[in-house]
Amino acid sequence: MDEKTKQVQVRLTPKLHSQLKGTLALNNKKLVDFFNEAARAYLKDSTKYSNAIESILRGDSNGN
């Protein structure tokens, strides 16, 4: 199987970029890992992924 990767461009506000990059660094993760993980989760179960994101953004305490 061909394992070549594709590059994508993501636009974030400077504040969001700094917050995300800083938080990921504290957790020993990289931006590329974050976006790859999010993509895999979305493709595995887009409905569950969307529901989880909506729940988190609403501020639900347990993410459900």
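**Salt bridges and a helix contact**

D60 is partly exposed, at a relative accessible area of 28% (buried is under 20%, exposed over 50%, partly exposed in between, with a 1.4 Å probe and protein chains only). The model is predicted, so local features need pLDDT of at least 70 and side-chain atom pairs pLDDT 80 or more, whereas totals for chains, interfaces and linings use all residues. Residues are numbered from 1 along each chain as its sequence is written, and side-chain values use heavy atoms, without hydrogens and water.

Reader: Which residue meets D60 in a salt bridge?

Author: A salt bridge requires a side-chain nitrogen of Lys or Arg within 4 Å of a carboxyl oxygen of Asp or Glu. For D60 the N to O distance is 2.9 Å.

Reader: How many salt bridges does a search of the whole structure find?

Author: K29 is partly exposed at 37% relative accessibility, and E37 is partly exposed at 41%. The search of the whole structure finds two.

Reader: Which term describes the orientation of α2 and α3 to each other?

Author: Helices are DSSP runs of H or I, at least four residues, numbered from the N terminus. Helix α2 (residues 31-44) packs on helix α3 (residues 46-58) at about 120°, with axes 5 Å apart; axes are lines fitted to C-alpha atoms over the stretch in contact, and angles run from 0 to 180 degrees between N-to-C directions. Angles under 35 degrees are roughly parallel, over 145 roughly antiparallel, 65 to 115 roughly perpendicular, and the rest oblique. The two helices are therefore oblique.
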